[in-house]
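Work through the following exercises with the sequence and the structure at hand. Each task is followed by its solution in steps.

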Amino acid sequence: QIEKELHINDNFYFIDGFISNIDDFSYLWEQLNLTNEQKLEIISNEVSNFENLLNGSFTIIIFNIEEKELKIIRDRRGTRSIYFSDEKENRYFYFSSSLAILTKRIENLTLNKNRLIEYLNWNYASNSSTFFNEIERIKPSTTLIFKKDSARSCLAAVQYSDTIGRSVSPASSRDSEAGTT
């Protein structure tokens with residue numbers, strides 16, 4: 001089930017999939033008949049580290065208009081793949097649940113030979129790389145944060161828990177000097 005985007009205050013919320021325990025947080029709201037996006041907005045404002053408490057098969061996208069910050073949250077089991085590319089030289093940041101769509105948008109893709117060899121040998125890839133050097137996959141239990149100001153952009157991947165829900169420290173972050181549109 002794909003939920004429609006919802007604009008609340010200075011944020012856009014989008015949920016692809018389902019959050020199986022979203023109503024466990026019903027003590028936070030009094031109004032009935034709220035959409036899942038409205039519930040998510042309340043939870044994200046009221047509960048610290050809310051990502052670690054959600055169960056289900058989902059990708060959550062939160063865009064803060066005022067801060068110019070995009071958060072892409074992948075569920076802890078990684079049931080829905082999300083791919084991204086940060087093209088610093090062309091000033092673009094792309095993300096999609098479809099690898100095929102990204103390969104059509106990005107010019108001059110180069111083959112990731114190590115990933116291809118790993119896949120051919122083991123029929124499995126153990127990290128966030130894809131068959132293309134320019135495209136990565138967001139790991140399970142990870143929030144990808146992209147923030148842009150007038151002169152530069154920042155991309156950070158923060159792992160919020162392991163697969164059984166224990167909190168972990170940040171995984172990695174990258175900065176780019178070029179702005180991104």
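**Exercise 1.** Is Lys39 buried, partly exposed or exposed?

Step 1. Apply the cut-offs: buried means under 20% relative accessible area, exposed over 50%, and partly exposed in between (1.4 Å probe, protein chains only).
Step 2. The relative accessible area of Lys39 is 11%, so Lys39 is buried.

The model is predicted, so local features need pLDDT of at least 70, side-chain atom pairs count only at pLDDT 80 or more, and totals for chains, interfaces and linings use all residues. Residues are numbered from 1 along each chain as its sequence is written, and side-chain values use heavy atoms, with hydrogens and water left out.

**Exercise 2.** Find the residue with which Asp23 forms a salt bridge (a side-chain nitrogen of Lys or Arg within 4 Å of a carboxyl oxygen of Asp or Glu).

Step 1. The partner of Asp23 is Lys39, with 2.8 Å between the closest N and O atoms.
Step 2. Asp23 sits in the loop between strand 2 and helix 1, while Lys39 belongs to helix 1, 16 residues apart. Helices (H or I, at least four residues) and strands (E, at least two) are DSSP runs, numbered from the N terminus.
Step 3. Asp23 is partly exposed, because its relative accessible area is 45%.

**Exercise 3.** Describe the surroundings of Leu40.

Step 1. Leu40 is part of helix 1, residues 36-46.
Step 2. Its relative accessibility is 0%, so Leu40 counts as buried.
Step 3. Not counting residues up to four places away in sequence, Leu40 is in contact (heavy atoms within 4.5 Å) with Tyr13, Ile15, Ile22, Phe50, Leu54 and Ile60.
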